[in-house]
Amino acid sequence: MVDTDLKFLVCSSMHSSQKNETNWLHKGLFKSALMDLRQVLIMDKVTVKVMSHSCKMADITDQGVSLVEDLFRRRQPLPSMDAIYFIQPSKENVVMFISDMSGREPLYKKAFVFFSSPVPKEFVNHIKSDTSVLPRIGALREMNLEYFPIDSQTFLMQGFITDHETALEDLFSEEAEKSRRFEVCLNTMATRIATVFASLKEFPIVRYRAVKSQDTSTATTRDLIPSKLAEAVWNCLLKYKSIPNFPQTETCELFILDRSVDQIAPVIHEWTYDAMCHDLLDMEGNKYMLEFPSKSGGPPEKKEVLLEDHDPVWLELRHAHIADASERLHDKMTTFKSRNKAAQVQSSRDGGELSTRDMQKIVQALPQYNEIVEKLSLHVEIAGTINKLIREMGLRELGQLEQDLVFGDAGAKDVINFLRTKQDASSENKLRLLMIYASVYPDRFEGDKASKLMQLARLSPEDMKVVNNMQLLGGSSKIKKETTGFSLKFDGQKKKQAERKDRTGEEETWQLFRFYPMIEELIENLSKGELSKNDYACINEPKPTVQDKSQSGSMRAIPTPAAPTEKRPAYSKRSRRTAMWARPHSSDDGYSSDSVLKNAAADFKRMGQRLFVFIIGGATRSELRVCHKLTAKLKREVVLGSSSFDDPPQYITKLKLLSEKDLSKGAPQPNFW
C-alpha cells in the first residue's frame, strides 16, 4: 500500500547500498521524493532511542520532516500533513495508531507506518479491520531497525547494543528463572539481534557457549542462557528467509557468549585514552563538562564537549595508551604551531608592530588555527586531567598489581600487602582488585577468608556482596567437575595461578597494556577453526568440506582471507610503543584528518565475511578495542554486540543487584492480545 504521489526511500540502518554497504548510521531512514511536502515523524520511546543513537535532529529535518512527535503524548491535529510512524509492533502502539487515523477526522492526512521489528499477523488484521483507517495508509512495512549502533564513526561497523540495561539482573539473579522478565528479556533481545541481520541481509552460522556441565540434565537455567538465546535468534532468522534478497545460505557468523567467559575485563583498569576518560572523568555518556579560566577573571567557566565520532582527534587517539596519547597530542601541537602561518607569526612576535604581510598571513590562517587549536587544546586538557588523577590515585601501582595477578606474576601476599599499605585507596578500586583476585584465586574466598579480606580492605558487607554475586555468573568456560565445598565459580577445577598467558608474536606495547579480554583468544580460535565443539556448539553447522573432515573435535570457521604474515618483534610488557593497529593515519600538519575514514573505506572491499560476537550481560571498552584490532588483523569485520555497554562503576552496580529478590517491578506487558 504505497501512495504514488509520495514515495519513501527507506534506507537500511547500518549499510546503505548506495555506499557499498558502508553506512553504519540510521541517517536517511525516511526520505521523501517530494521535499516540498511537510511531514510529521512519530516515534515511541524505543524508536526514539534507535534514531538518537544514529542521527541528529538536523539529519531528520533535512529529509523533509518538520515536526517530531511522541506517540503517547497529546498531539495537535494536522489534517493537511502526512505522518510517518516509526514504532514498535506492540499492542499499545497499534491501538494508538488506529486511534490517530480512524473516524471522520483523523489527526493526519495520510500515514506511512514502519515497524521496527516483525509485526504479528493479528496486529495487521486488526488494522485492516478498520475500514476508515485502511484508505489513509500510504505504507505499512517492517523495517527491522530495533538495535542501537555504537562506535559507528568509520566505514566499518564495530558494534551495537540491544539496550537491555537490566539483562544481568533479569537473567542471572538468584530468582531470575522464576520471573516472567527472564523470558521477556531473552525474546526481546533475540528479536533485536535478528533485526541486525535482516537489515544487513546477512544469514549467520549461529554458535554459542555450550552448557558447562558434563551432564546436561543437571545444568542450571543460567548455564542454558546462551543456548536459549541462540535458539530464539535462530527462530527469528528463519522467518526472514521470505524477505526479498535475503540470503538462503550462511554468509557470516554469530558467536553468542555471556559475561561468564570473562569476569575480569569489566573491572580491570583499561589504559586506553577512551577507557580512562570514561573510568576516571565525570562523564555522562560521551558528554564531558570542561572547566576553563574565565576571561573576566571570575569563577571558572564550563563548556560541554562531546567525545564522539565527529571529532577526528578523538577518533585517532581513543584506542591509544593514555601515555602514548599524551605524547602524540604534544607532538601534534608542536608540529601544528611550526607549520601554521598564524601560529608562526604569533610565536615570533616580540611586541613590535605587525607588518601588512604578517597581518595577511594571520587572516588567511586564522580560521584553521582557531579550530585546530581549540580541538587539540581540549584533548591536551583532558589528557592532563587524567594523568593527574592517575598520579593522585596511585593507579600505576594498582594497575601493575592487577595485571600481575591476571598473568600469574602476583599472589595473595602482594594483594594483602597492597591492602595494608594503601589504606587511602578508594573503596571502588579496592573492590575491583578483590574481584580480580577472586577470579584468579576463588579458593581464597571460602569460609571466613572473604570476611577477613573485607576487614583488611575496609569494605562494607554491601561491597562484598558484589564479589559473592560473581558466582551467579558461573565464571569459567571449563567443564564442571564434581566438588565439595564452596567455590566462587562453582567449577571445582584446580585453579591455575594465571587467568591469561602472554601472547607470543604480538607487537611491543606500552607498560600496563599487557591485558587482553578473553574474547580476543576466542575469536582468533574461531577464525582458525580451533574452537572445541564441546564448549562452543553450533545450531546450523555448515556441511564440512574434505579439508574440514580431517579436523576432529573442533569447529571450522567460514573461510576468510588470510591476514598477511610478517615478522614481528618479541613481546615486551615494558616497551613504550603502541601497536600499529591502534595508530590510525594522521595528516602532515599534526592534526588527525579524514584519512582514517578514507583508509577504512579502501580496506572495506578487501574484507572477508563478518563475524558478530554478542555478549549477554554487558560489553566493555577493552572488548570493543579488541574488535577494532582483530578487524585489521583478520581482514574481516568483527562486530561487537551486547545487551549493554558498561564502564566499571555501572557493571559493579548491576552485579550488586543480582542478589535482590524482587524482580517483578516494572515488568513489561506482553505484546499480544
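Which residues of helix 17 (residues 461-469) are buried? In the predicted model described here, the buried positions of this helix are D463, M464, V466, V467 and N469. The partners against which these buried residues pack are helix 15 (427-440), helix 16 (449-457) and helix 22 (648-656).

The confidence of the prediction was considered next. The protein chain has an average pLDDT of 79, and 72% of the residues reach a score of at least 70. Over residues 559-582 the pLDDT remains under 50, although the model places 61 contacts beyond four places in sequence for this segment. A further stretch with pLDDT below 50 covers residues 662-673, for which the model has 32 contacts beyond near neighbours in sequence. Where pLDDT is low, the predicted coordinates should not be read in detail.

An open sheet is formed by seven strands, arranged in the order 8-9-17-16-11-10-15 with mixed pairing. Its edges are strand 8 (148-150) and strand 15 (536-538), each of which pairs on one side only. On average, and with direction ignored, neighbouring strands of this sheet are turned by 25 degrees against each other.

Several pairings within the sheet can be described individually. Strand 10 (residues 204-209) pairs with strand 11 (residues 252-258) in the parallel sense, over five bridges; in strand 11, E253 is the residue opposite I205. Strand 11 also pairs with strand 16 in the parallel sense, here over six bridges, and L254 stands opposite F612 of strand 16. Strand 16 in turn runs parallel to strand 17, to which it is joined by six bridges, with I615 opposite S642 of strand 17. Because eight of the nine residues of strand 16 are buried, this strand is largely enclosed by the rest of the structure. Helix 7 (residues 225-239) lies across strand 10, strand 11 and strand 16, and runs at about 165 degrees to strand 10.

Strand 16 and strand 17 also take part, together with helix 21, in a right-handed β-α-β unit. Helix 21 (residues 621-634) comprises 14 residues and spans 20 Å from its first C-alpha to its last, close to the 20 Å expected at 1.5 Å a residue. The helix is mostly covered, with 12 of its 14 residues buried. The buried set consists of R621, S622, E623, L624, R625, V626, C627, H628, K629, L630, T631 and L634. An α-helix has 3.6 residues a turn, so residues three or four places apart point the same way. Just after helix 21, K635 adopts a positive phi of about 60 degrees.

With neighbours within four places in sequence left aside, I127 is in contact with V94, F97, I98, F115, V133, I137 and L140. The C-alpha atoms of I127 and S102 are 9.9 Å apart in space, while the two residues are 25 residues apart in sequence.

Note on methods. Residues numbered from 1 in each chain as written. Predicted model: local features only at pLDDT ≥ 70, side-chain atom pairs only at ≥ 80, totals over all residues. Heavy atoms only, no water. Helix = DSSP H or I, 4+ residues; strand = E, 2+ residues; numbered from the N terminus. Expected span 1.5 Å × (residues − 1). Buried < 20%, exposed > 50% of the residue type's maximum accessible area, 1.4 Å probe, protein only. pLDDT = per-residue confidence, 0-100. Contact = heavy atoms within 4.5 Å. Pairing = 2+ DSSP bridges. Axes fitted to C-alpha atoms, helices over the stretch in contact; angles between N-to-C directions. Right-handed = clockwise from strand over helix to strand, strands pointing away.
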